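Please describe the fold of this protein for a reader who has not seen it before. Start with the whole chain, then go on to the sheet, the core and a few single residues.

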Amino acid sequence: MKFAIAVFAGPQTSEAPLSALNFTRAVLAAGHEISRVFFYHDGVYTGNRLSAPPQDEPDLTAEWSRLGQENNLDLVLCVASALRRGVVDETEAQRYDKPASNLAPGFVISGLGQLIDSALTADRVVTFK
C-alpha cells in the first residue's frame with residue numbers, strides 16, 4: 001500500500017511531527033511505501049536545521065532528516081508556508097536576499113501541488129495536525 005503523509009503542526013507546539021515520524025517508520029517497517037511527506041503550515045518548522053530542542057526532547061528535524069535520507073523519502077515543505085515562517089533553501093535565500101539557508105538536509109521546498117499529486121497517487125492520505 002502507498003501512503004501520503006501530511007504534517008500540519010510544528011514540533012514546538014504539537015505531537016504531530018513525532019506521531020507522523022513514528023507512523024512513517026511503522027509503515028516502512030511493514031513493507032509499505034511512502035509517496036511523499038508534505039509539511040504544511042507550522043509543520044514546515046520541522047525542516048528548520050537551526051532549531052535546537054532541549055536535551056530531554058527528541059531532535060525531530062534530525063530524526064526526519066535521517067529517516068528521509070535512509071529511505072529515500074520525499075520530504076517536502078510548502079514554499080508559501082516556509083517563506084512565511086523563515087525557512088529557506090539556497091534558492092529562496094538568494095531570491096529574497098537572505099544571508100543563508102536554514103533548510104535541513106533531506107528536505108526540499110516546493111509548491112502545494114506536491115501535496116495534491118501525492119494524494120492522487122497514494123492509496124491512503126494520513127494527516128497529522
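The report below goes from the overall build to single positions.

**Overall build**

The model is a predicted one. The protein contains 5 helices and 5 strands, and along the sequence they follow the pattern β-α-β-α-β-α-α-β-α-β. The C-alpha trace spans about 40 × 35 × 25 Å along its principal axes. A compact globule of 129 residues would have a radius of gyration near 14 Å, and the value for this protein, 14 Å, agrees with that.

Of the 129 residues, 42% are buried. The protein exposes about 6,900 Å², and carbon and sulfur atoms supply 49% of this area. Among contacts with a separation of 6 or more, 77% are between residues 24 or more positions apart.

In what order do the strands of the open sheet lie? The order is 4-3-2-1-5, and the pairing of the 5 strands is parallel. Strand 4 (107–110) and strand 5 (124–128) are the edge strands, each pairing on one side only. On average, neighbouring strands of the sheet are turned by 25 degrees against each other, direction ignored. Strands of a sheet pair through backbone hydrogen bonds, either parallel or antiparallel.

Two of the pairings can be followed at the level of residues. Strand 1 (residues 2–7) pairs with strand 2 (residues 33–39) in the parallel sense over 6 bridges, and V7 stands opposite F39 in strand 2. Strand 3 and strand 4 are also joined in the parallel sense, over 4 bridges; here V76 stands opposite V108 in strand 4.

Helix 2 (residues 60–71) lies across strand 2, strand 3 (75–78) and strand 4, and runs at about 90 degrees to strand 4. Helix 5 (residues 113–121) also packs on the sheet and touches strand 1, strand 2, strand 3, strand 4 and strand 5. The direction of helix 5 makes about 155 degrees with that of strand 2.

In soluble globular proteins, nonpolar side chains tend to be buried together. The largest nonpolar core in this model has 25 residues, and those with the most contacts inside it are I5, V37, F39, W64, L77 and F107. Strand 1, helix 1 (16–29), strand 2, helix 2, strand 3 and strand 4 each give two or more residues to this core. Helix 1 supplies the largest share, 4 residues. Apart from this core lies another, of 6 residues, including A6, Y40, V76 and L115.

V37 belongs to the largest core. Leaving aside neighbours within four places in sequence, V37 is in contact with I5, V7, W64, D74, L75 and V76.

| Residue | Relative accessible area |
|---|---|
| V44 | 0% |
| F38 | 0% |
| S35 | 17% |

Why does S35 count as buried? Its relative accessible area is 17%, and buried means under 20%, so S35 falls within the cut-off. S35 has its place in strand 2. Not counting residues up to four places away in sequence, S35 touches K2, F3, A4, D74, S118, T121 and A122.

F38 is also found in strand 2. At 0% relative accessibility, F38 is buried. Not counting residues up to four places away in sequence, F38 touches I5, A6, V7, V76, C78, G111, L112, Q114 and L115. F38 and V88, 50 residues apart in sequence, are 16 Å apart in space, C-alpha to C-alpha.

Where does V44 lie? V44 is in the loop between strand 2 and helix 2, and this residue is buried, with a relative accessible area of 0%. Leaving aside neighbours within four places in sequence, V44 is in contact with F39, L77, C78, S81, A82, R85 and V87. The C-alpha atoms of V44 and G10 are separated by 6.8 Å, while the two residues are 34 residues apart along the chain.

Technical notes: Residues are numbered from 1 along each chain as its sequence is written. This is a predicted model: local features need pLDDT of at least 70, side-chain atom pairs count only at pLDDT 80 or more; totals for chains, interfaces and linings use all residues. Side-chain values use heavy atoms; hydrogens and water are left out. Two strands pair if DSSP finds at least two bridges between them. Axes are lines fitted to C-alpha atoms, for helices over the stretch in contact, and angles run from 0 to 180 degrees between N-to-C directions. Contact means heavy atoms within 4.5 Å. A nonpolar core is a set of buried Ala, Val, Leu, Ile, Met, Phe, Trp, Tyr and Cys residues joined through side-chain atoms within 4.5 Å. Buried means under 20% relative accessible area, exposed over 50%, partly exposed in between (1.4 Å probe, protein chains only). The radius of gyration is taken over C-alpha atoms; the globule rule is 2.2 Å times the number of residues to the power 0.38. Accessible areas come from the Shrake-Rupley method with a 1.4 Å probe; for residues, only the protein chains shown count as cover.
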